[in-house]
Amino acid sequence: MARPRLPFEFLIALRFLREGRMQTALILLGVTGGVAVIVFLSQLISQLQATIIDRVLGSQAHVVVRPLEEANQRARTDPQFATIIEPRAQRLRSVDQWEAVVRLAESQPRVVAVSPVVSGPAFAVRGRASKSVALVGVDPDRYRRIVKMDTYMTRGAFQVEGTGAIIGIELAKDLGVGVGDKLFLRAAGGRDELLHITGLFDIGNKDLNRRWVFTTMKLAQSLLDLPGGVSNIDVTVADIFDAKEVAERLQAASGLTVESWMTTNSQLLAALRNQSVSNNLIRSFVIVIVALGISSVLVVSVVQKQKEIGILRAMGTSSNRIMGVFLLQGALVGFVGALSGVALAWGLLNFFSTIYRSGDGAPIFQPELDPAIALSAAGIALLVGLVAALIPARRAAKMDPVQAIRA
Amino acid sequence: MTAAIISLRGLRKSYGVGTPVETEVLHGLDLDLAEGEFCALIGPSGSGKSTLLNLVGLLEAPTSGELAIAGQSTTGLDEQALTVLRGRTIGFVFQFHHLLPAFTALENVMMPSIIMHGVATAEAESVANDLLKRVGLTGHEYKKASQLSGGQQQRVAIARALSLSPRLILADEPTGNLDTQTADDIFALLREFNRERGSACLIVTHDPRLAARCDRRIELIDGRLAAAARMPQPA
């Protein structure tokens, strides 16, 4: 007969599980639900967090190097004289020796890209309309590695030269201009220039679409009266969560003001962290409940099966192997439950991604399943099954065969 | 002289040791059962028959005294060693057959071999099939134990007890809840296997008719061997 020959423990464990159909079905349902909740929740939260971070960092450098703030100092250090120190207004200044700072930043480990930026306030004027904008002078080849401008371009390419300029779609609408039109720009200091619009971008943020005007570094330098200087240096790091560390190291090395996105967005970071903590809390509760469920079903099963346990013992089964049979039941329930739980989570992700959509109709999250999350959930379920089966299994192993047979 | 399959010396068994209700059930038994002997264990209820069978079956440990199975002293053996000795040497036939209800007749008969080898072997399956044929259950191999009649279940239990060709078969009232005709058949089967394979049998029974058909009768009264049941004197 061509029947697979199962090892003793598997044979008995599977038959016991099959025999207690209702119990097995219920506990499988429990494990499935638990695993599905954990996988679904983890996937959802990690995706939402990734989306939020992506949006925040979509238009922002990971690390920004700025000149030190100018501060007034006491002229006399004699403490007998009371002094009021007025905070000083911060003027637009260049980063000292910025070429050296760029090289320093590039030499830091985990730094992926460095881009000097010349940025300052200006007015965009057309006819009688005048809009306050931020003039951003960049080297496009460097800057596109800080902010993925290429993906945001709606008209033209992210490339500037001469008096060419790239503006956001909102500014273009407000001023009634398009690609090929001219735009008069006056810097806050009074210098002005007639720019040619060569491209339009849409970053997905109306404020930035209204404010940013990209030109060459040279043009921005002359408009903002920063000859040969840059106002800040933007840095991209390999892992966004290394930003703080990289910023601190860069600050120590350069002596300049260096801020990471994590400092600038500390509230967002705290919110994300709280979300992760509550996610972990929910996961832990679910794991405990699932473990208790498996445990209680197996305890009942041990009592129900005591006669069988006694017979097996009388026929020469050691107590260790009886223990193995019940541990295996826990592991099997955990494993099968994990498989169906991951499948259920996949179904839920697909279902909810079609239901919940953001304002523009795009799904808030993608029905994707991170194999790492699925695998770890399956591993945890297996482990929980084993641990949960420990008490019932020991109880079964300790059972006195004579008592068990008589019962 | 035939080697003894069971050898008891001063065997005592007490329950509730160390508690106020400590009771001694067996009061120092000396007994030898020869290899291949077909022996009835009789006595009134409460005389300690089942206790003696459990001790000999290594399911319980004696309080004091010597117990040797197949020439091996069991004193000081740990649970693992006892389990191995039990699996190799002894086959059980219980009063209420005690089959595994979720398994088929064939699987029940194969179970001792599966336990010993870890997996079901083709050899075990052919042995089990032969045994089921011998006990007249051809055609019932793939029925669940719970779907068989009482007599059929007891036949399966006997086939199971024999599946590893044990040197000793312990039967606790194997015909206890069967009608006379079926009981006779079951008893005849035990006798047949005893003759054919030389397995020694120790059969607890209340049925004097069946006891009379055994080679030897051991009578327990209040935890002591009755006079007639002294061990056979070596020549």
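These legends walk through several views of a predicted two-chain model, from whole chains down to single residues.

View 1. A compact globule of 407 residues would come out with a radius of gyration near 22 Å, but chain A has 33 Å. The C-alpha trace tells its own story, spanning about 105 × 65 × 35 Å along the principal axes. Of the 407 residues, 38% are buried. Looking at contacts in chain A with a separation of 6 or more, 79% join residues 24 or more positions apart.

**View 2. Chain B, in line with the globule rule.** Chain B carries 7 helices and 10 strands. For its 235 residues, the compact-globule expectation is a radius of gyration near 18 Å, and the value for chain B is 18 Å, so the two agree. Its C-alpha trace covers about 50 × 45 × 40 Å along the principal axes. Buried residues account for 47% of the chain. Among contacts in chain B with a separation of 6 or more, 71% are between residues 24 or more positions apart.

**View 3. Where chain B touches chain A.** In this close-up, 23 residues of chain B are in contact with 19 residues of chain A. On the chain B side, the elements that give two or more residues are helix 2 (79-89) and helix 3 (105-117). What sort of residues does chain B bring to the side that touches chain A? They divide into 13 nonpolar, 7 polar and 3 charged.

View 4. P7(A) sits in the segment before helix 1 (8-19) of chain A. Setting aside neighbours within four places in sequence, P7(A) is in contact with G118(B) and V119(B). Back in its own chain, R21(A) lies 14 residues along from P7(A), and their C-alpha atoms are 21 Å apart.

**View 5. Helix 2 against helix 13 in chain A.** Zoom in on two helices of chain A, helix 2 (residues 21-57) and helix 13 (residues 319-355), whose axes come within 7 Å and cross at roughly 45°. That angle is why helix 2 of chain A is described as oblique to helix 13 of chain A. The crossing is right-handed. From helix 2 of chain A, the residues taking part include I27(A), V31(A), V35(A), V39(A) and F40(A). Among the residues they meet on the helix 13 side are V333(A), G337(A), G341(A), L344(A) and L348(A). Count up the whole contact between this pair and you get 15 nonpolar residues, 7 polar and no charged.

View 6. Which residues of helix 1 of chain B are buried? They are K49(B), L52(B), L53(B), N54(B), L55(B) and V56(B). After helix 1 of chain B comes L58(B), with a positive phi near 60°.

Conventions. Residues are numbered from 1 along each chain as its sequence is written. Chains are lettered from A and ligands numbered from 1 in the order in which they are written. This is a predicted model: local features need pLDDT of at least 70, side-chain atom pairs count only at pLDDT 80 or more; totals for chains, interfaces and linings use all residues. Two residues are in contact if their C-beta atoms, placed from the backbone, lie within 7 Å. Helices (H or I, at least four residues) and strands (E, at least two) are DSSP runs, numbered from the N terminus. Ala, Val, Leu, Ile, Met, Phe, Trp, Tyr, Cys and Pro count as nonpolar, Asp, Glu, Lys and Arg as charged, and the others, Gly among them, as polar. The radius of gyration is taken over C-alpha atoms; the globule rule is 2.2 Å times the number of residues to the power 0.38. A residue is buried if 20 or more other C-beta atoms lie within 10 Å of its own, exposed if 12 or fewer, and partly exposed in between; C-beta atoms are placed from the backbone. Axes are lines fitted to C-alpha atoms, for helices over the stretch in contact, and angles run from 0 to 180 degrees between N-to-C directions. Angles under 35 degrees count as roughly parallel, over 145 as roughly antiparallel, 65 to 115 as roughly perpendicular and the rest as oblique. A crossing is left-handed if the near helix is turned anticlockwise from the far one by less than a right angle, and right-handed if clockwise.
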